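Notebook open, model loaded. I want to look up how the parts of each chain sit against one another, and then how the chains meet.

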Amino acid sequence: MPSQSTLQPPTAAGGFAHKHLLGVEDLSREEILLLLDTADEFKAGIVSRPGERLDTLRGRTVANLFFENSTRTRTSFEIAARRLGADVVNFDAGTSSVAKGETLVDTAETLEALGAEFIVMRHASSGACEFLLREVRGSLINAGDGAHEHPTQALLDSLTIREALGRIDGVRVAIVGDALHSRVARSVMWALTKVGAEVTLCGPPTLVPESFSTFGVRVTHDFDDAVRGAEVVYLLRIQHERMDGAYLPSLGEYRMLYGMDSERLAKIGSEVLIMHPGPVNRGVEVTRDVMHSPQSRILGQVTNGVAVRMAVLALLEQARSSGAEVA
Amino acid sequence: MTQALAQTAAPIETSKGAILVTGGHLLDPVARVDGKADLLIENGRVSRIGEGLDPGRADQVIDASGLMVFPGFLDLHAYLREPGATGSENIETGTRAAAAGGYTTVCAMPSTSPVCDSPVVVRYMIDRAERSGCVEVLPIAAVTRGQEGKQLADMAALREAGAPAVGDALHAVSDAQVLRRALQYARELGLPIFVHPEDPDLSSDGLMQDGEIALKLGLRGIPRSAEASIVARDAALALETGARLHFAHISNKDSVEILRFYKALGAPITAGVTPHHLVLTDEAVAGSIGRRFDTSAKVKPPLGDESDREALIGAVEDGTIDCISTDHAPHFPASKDTTFDVAPFGAIGFESAFPALYTAMVDSGRWTLERLVHAMTEAPNRVLRRPQRSLEEGAEASLTLFEVGRLSTFGENRLRSRSRNCPWLGSEVSATCCATLWRGTPAFASPAFFPNGVFRARS
């Protein structure tokens, strides 16, 4: 599509050959960097021309299909799609916990009738996107599936790290918390290790089994060991219901072993970045003062979220129009 | 579905008088037969085996030239869904599927509705098999009423009605004392107890075997101990009581070691393993992009990793595992057409068992054909202490014809089950079932090999 805008995605060698974004596991280092570079360009536009509407996706329909509530992610996708000139349809997919497989097939039929070129989906079941892609013709963007992947969150976190430190390659990152139940942890581990970061994963043995080393990360259960020398500490949300499955004795004990407070922060060093995908259990994973400290990148990543999602939509559109059939 | 019904509606030929099976390569480890010979069937029994038998003596001829002839297979572990859940299978379709895989006897597990825990249901299933089935059905009755693990079922009456064994099929008997008394009681009756070794607290809401692939996919894991702990407990009970106990399916390396340990102590235990645990690993769930989260690979016990698969193969080789059982578990097609967490556990296995195993184990050079045939004929018969229907004069003529060594795609046209949840659909296999005879009567004839029925000479 011809464009008057300077904000078309760059066409790096190899380009972006995916029709869908199911997970970071499927992306190469070059593709991740291309997504981040593209997001950088879009971000410059967002900052300098906030009300601008591009025509990259003019005439295209983006369907937001959220089976789990997430106002933040859905809104971010919506803004990104509108800035690119797309029409946006928000599906009320129901918030009940029984909205499972059968509903998904029914919804797929509706989406086909609508002819949406892009489907952004969040679903409680791992693999829900892969299931849906067998049912629909549009491009699927995974906005979180069960405990499997949440690729756009990982891309936005990667962008945030690169902005703050100027690089990702060789950066020492400690990820702390409930990795077992976390799709964000999985996507972040794929993204960072593929681009060359040195990642250490840390948490109680019930939530951080040793087999996580298959992601190319070092696994430890000792907080001090994990954060020693770290440039980024990425804290994961701990769910209150983990006590029921006997994963944890108490949130108090979790905070004692793995919580980030100003005392621990001071020991690690003043330059370390503190990140968290949100929403934060204040006083459990991280204390309020650390959250609001200058090192914290917990709040205020909204712009990066929109920029990354614009990059994803734009590159998928480019791949679609060039006839890429790779999933 | 219409295609499936059309297939199962294919006419079954009736046999008349003497049948001559000519030109096949007979293989039967029990009868010590391994070579080309003709086989004459009269009154449902093998009357003569020899070279160049006179076709003039036969009323009907089956041309088996270029094909292998094996004794009919016996499956110790299958779900036929009748009575109660006939949307996914019934005794008619289940036995047709069995015949299409070379099976002439199948054991039907008691997870029916009502549960097969009374002589009435055992008789019902046997009657249904005689009326609508095309191979033999042996109902395994529940060992506790309603499979609830509390009160013992009437084992003597169940044996009288025709159950060759008893056992609850959904999970382990949770109260070990109940199982211990069941074993004491069953020993006197000479009935083996079949066990599904699974601790539901450990398997919990797990979806596949715990490990790297479960972590990558974000699917909840089932640890090996969910099976191994029950194998240890139940083997100890069998050793103590002296009663025969059969583990329906062993799926991982830890269970194999425990089995080996208790067998060495003299515990009267036997065990089966499924074709999918011998051929596939948890990689089948990971698949490739667009095929990840493959619900046809969602089975219980879950598929292990390569070290488990290797341990299971070794266990069959050294006799720690006795036989191969399909765990044929039909599910209505739509029920598997959903996300991985919601889909039911289980795969159908009759039609694909031998082709999959031949391709992976025999064609690869790992096993002799004789070993595979033994594990599907003589070995399961021994678990039930039943005489095998062998390829020898005077024996019941239950046998199956296979073409081996030629690659072809395992497509839906090979299925006779009412369900389609077969993990081998679309795979290349190097064995094809051509025909199956049960007591001298054709139970299956492949349209590809015998387009006009089994009783006409092939071109």
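Started with the domains of chain B. I looked up the C-alpha centres of domain 1 and domain 2 of chain B and got 28 Å between them. This is a predicted model, so I keep that in mind throughout. The bounds I used are 2-69 + 394-408 + 429-445 for domain 1 of chain B and 72-383 for domain 2 of chain B.

Next, the contact between those two. I find 23 residues of domain 1 of chain B in contact with 24 residues of domain 2 of chain B. The buried area there comes to about 1900 Å², and carbon and sulfur atoms give 70% of that.

How many salt bridges cross this interface in chain B? The rule gives me one between domain 1 and domain 2 of chain B. On the domain 1 side, the elements of chain B that give two or more residues are strand E17 (399-409), strand E18 (428-438) and strand E19 (441-445). E18(B) gives the most to that side, with seven residues. By class I have 16 nonpolar, six polar and one charged residues on the domain 1 side of chain B.

Over to chain A. I note eleven helices and nine strands there. The radius of gyration of chain A is 20 Å, close to the 20 Å the globule rule gives for 327 residues, so chain A is as compact as a globular protein of that length. Its C-alpha atoms fill a box of roughly 55 × 45 × 35 Å along the principal axes.

Domains of chain A, then. Domain 1 of chain A runs over 24-150 + 303-321, and domain 2 of chain A over 152-291. Their centres, over C-alpha atoms, are separated by 26 Å. I find 30 residues of domain 1 of chain A in contact with 27 residues of domain 2 of chain A. The area buried between them is about 2400 Å², with 56% from carbon and sulfur atoms.

I checked Asp37(A) and Arg162(A), whose side chains meet in a salt bridge at 3.0 Å, N to O. I also count 19 residue pairs in polar contact across the interface of domain 1 and domain 2 of chain A, both residues at pLDDT 80 or more. Among the elements that each supply at least two residues of the domain 1 side of chain A are H1, helix H2 (71-83) and helix H11 (302-321). H1(A) gives the most to that side, with nine residues. I have the classes down as twelve nonpolar, seven polar and eleven charged on the domain 1 side of chain A.

Arg162(A) turned up again. I see a salt bridge from Arg162(A) to Asp40(A), with the closest N and O atoms 2.7 Å apart. That pair links distant parts of the chain: Arg162(A) is in helix H5 and Asp40(A) in helix H1 of chain A, 122 residues apart.

Now chain A against chain B. I get 28 residues from chain A and 17 residues from chain B in the contact. About 1900 Å² is buried between the chains, 57% of it from carbon and sulfur atoms. On the chain A side, Ser126(A), Glu130(A) and Thr214(A) lose the most area to chain B, together 24% of what that side buries.

I find three salt bridges between chain A and chain B. I looked at Glu130(A) with Arg292(B), where the closest N and O atoms are 2.3 Å apart. The count of residue pairs in polar contact between chain A and chain B is six, both residues at pLDDT 80 or more.

Last, the backbone. I see a cis peptide bond joining Gly278(A) and Pro279(A), omega about -10°, and another joining Glu82(B) and Pro83(B), omega about 5°.

Terms used. Residues numbered from 1 in each chain as written. Chains lettered and ligands numbered in written order. Heavy atoms only, no water. Domains from an automatic or database assignment. Contact = heavy atoms within 4.5 Å. Buried area = accessible area lost by both parts, 1.4 Å probe. Salt bridge = Lys/Arg side-chain N within 4 Å of Asp/Glu carboxyl O. Helix = DSSP H or I, 4+ residues; strand = E, 2+ residues; numbered from the N terminus. Nonpolar A, V, L, I, M, F, W, Y, C, P; charged D, E, K, R; others polar. Rg over C-alpha atoms; globule rule 2.2 N^0.38 Å. Polar contact = N/O pair within 3.5 Å; in protein donor to acceptor, adjacent residues only side chain to side chain.
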